[in-house]
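This report describes a single protein chain. It covers the annotated region, the sheet, the helix packing and the charged side-chain pairs.

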Amino acid sequence: MVREGKVRYLGLSEVSSATLRCAHAVHPISALQSEYSLWSRDPEQDVLATCRELNVGFVPYSPLGRGFLTGKFPATTTLAEDDFRRSLPRFQQDAQAHNQKLVNQLTEMAAGYDATPAQLALAWVLAKGEFIVPIPGASKIAHLEQNCAAADLALRPADVATLDEVFSEKNILGKRYNNSEFVLVDR
C-alpha cells in the first residue's frame, strides 16, 4: 500500500517492543497506540523507550483509565448491562473499592493544582515524554475543554514520582483485561 501511494504513514496498536522494532525495520512506523495511564503502565517496561529511540509517536488510549481516574466514576453496577467495563477485573466491586482509594489521593493532589483528577491524570501522561499524545474520550464539550486544559499543567517532578508510586502495579487491584482479552495484545 505504501508503494502504491495509498498509505503514507503507518501506525500500530498494542504491540511489543520487539514487534515495533521488526515493523520499523520494514517501513518507518509513525505512531504506536496502546493503553497507558496511571493504572495501565505496561508500556513503561520497554515500549516507551523503544518509541523514543526510534522516534515513533506514542498515542495512549484510555489515559483516564476508562473513566475511573476522573474521580466521578459510578458504581460498576450502575453501568449499562452491555458496558464493556462491567467485565473487566479492575471494575469488579472489591477492586473498584480498593482502587477508589488511589483515586482519592489523585483527587487530593489535583486540588493542590486547582485541577480535576482527570486533568492531573492527563498531565501525568504528558509529563512522561514529548513524543506522547494521549487521546482521552469526551462525551461532553466541557470534558473536552477540561482535558485540553491539562496540557497547561506543569507537574512538579516530586508529584510525578508520588503518582508513580501511588499507582504502581503493586497498589492496583485487578488486571486491565481478562485473560481471554489479553490474546489481542502483543506483549
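The text below goes through the features of this predicted model.

**Annotated region**

The UniProt record, an unreviewed entry, lists residues 1–166 under "domain: NADP-dependent oxidoreductase". Across residues 1–166 the chain is 41% helix and 10% strand.

Three strands form an open sheet in the order 1-2-3, and their pairing is parallel. Strand 1 and strand 3 (57–61) are the edge strands, each pairing on one side only. On average, neighbouring strands of this sheet are turned by 20° against each other, direction ignored.

Four bridges connect strand 1 and strand 2, which pair in the parallel sense. Within the sheet, Gly11 stands opposite Ala31 of strand 2. Helix 1 lies across strand 1 and strand 2, and its direction is at about 160° to that of strand 2.

Ser37 is part of the loop between strand 2 and helix 2. Ser37 counts as buried because its relative accessibility is 0%, the cut-off for buried being under 20%. Leaving aside residues up to four places away in sequence, Ser37 touches Ser62, Pro63, Leu64, Gly65, Leu69, Trp124 and Val125.

**Helix 4 against helix 6**

Two packed helices are described by the angle between their axes and the distance between the axes. For helix 4 (residues 117–127) and helix 6, the angle is about 105° and the axes are 11 Å apart. Helix 4 and helix 6 are therefore roughly perpendicular to each other, since angles of 65 to 115 degrees count as such. On the helix 4 side the contacts come from Leu120, Trp124 and Ala127, which meet Val160, Leu163 and Asp164 of helix 6. Trp124 is also one of the residues that Ser37 touches.

**Salt bridges**

Side chains of opposite charge can pair when their charged atoms come close. The count of salt bridges is 13, with a cut-off of 4 Å between nitrogen and oxygen. Three of them are set out here.

| Pair | N to O distance | Accessibility |
|---|---|---|
| Glu4 and Lys6 | 3.1 Å | both exposed |
| Glu14 and Arg176 | 3.1 Å | both buried |
| Arg41 and Asp164 | 3.4 Å | both buried |

Which parts of the chain does the pair Glu14 and Arg176 link? Glu14 sits in the loop between strand 1 (10–13) and helix 1 (17–26), while Arg176 is in the segment after helix 6 (157–166). The pair links distant parts of the chain, 162 residues apart.

For the salt bridge between Arg41 and Asp164, the positions are as follows. Arg41 is in the loop between strand 2 (29–35) and helix 2 (47–54) and Asp164 is in helix 6, so the pair ties together parts that are 123 residues apart in sequence. Both Arg41 and Asp164 are buried. Salt bridges with shared partners also join Glu14, Glu35, Asp42, Arg66 and Arg176 into one network.

Note on methods
Residues numbered from 1 in each chain as written. Predicted model: local features only at pLDDT ≥ 70, side-chain atom pairs only at ≥ 80, totals over all residues. Heavy atoms only, no water. UniProt positions renumbered as here; feature names shortened; annotations may be inferred. Helix = DSSP H or I, 4+ residues; strand = E, 2+ residues; numbered from the N terminus. Salt bridge = Lys/Arg side-chain N within 4 Å of Asp/Glu carboxyl O. Buried < 20%, exposed > 50% of the residue type's maximum accessible area, 1.4 Å probe, protein only. Contact = heavy atoms within 4.5 Å. Pairing = 2+ DSSP bridges. Axes fitted to C-alpha atoms, helices over the stretch in contact; angles between N-to-C directions. Parallel < 35°, antiparallel > 145°, perpendicular 65-115°, else oblique.
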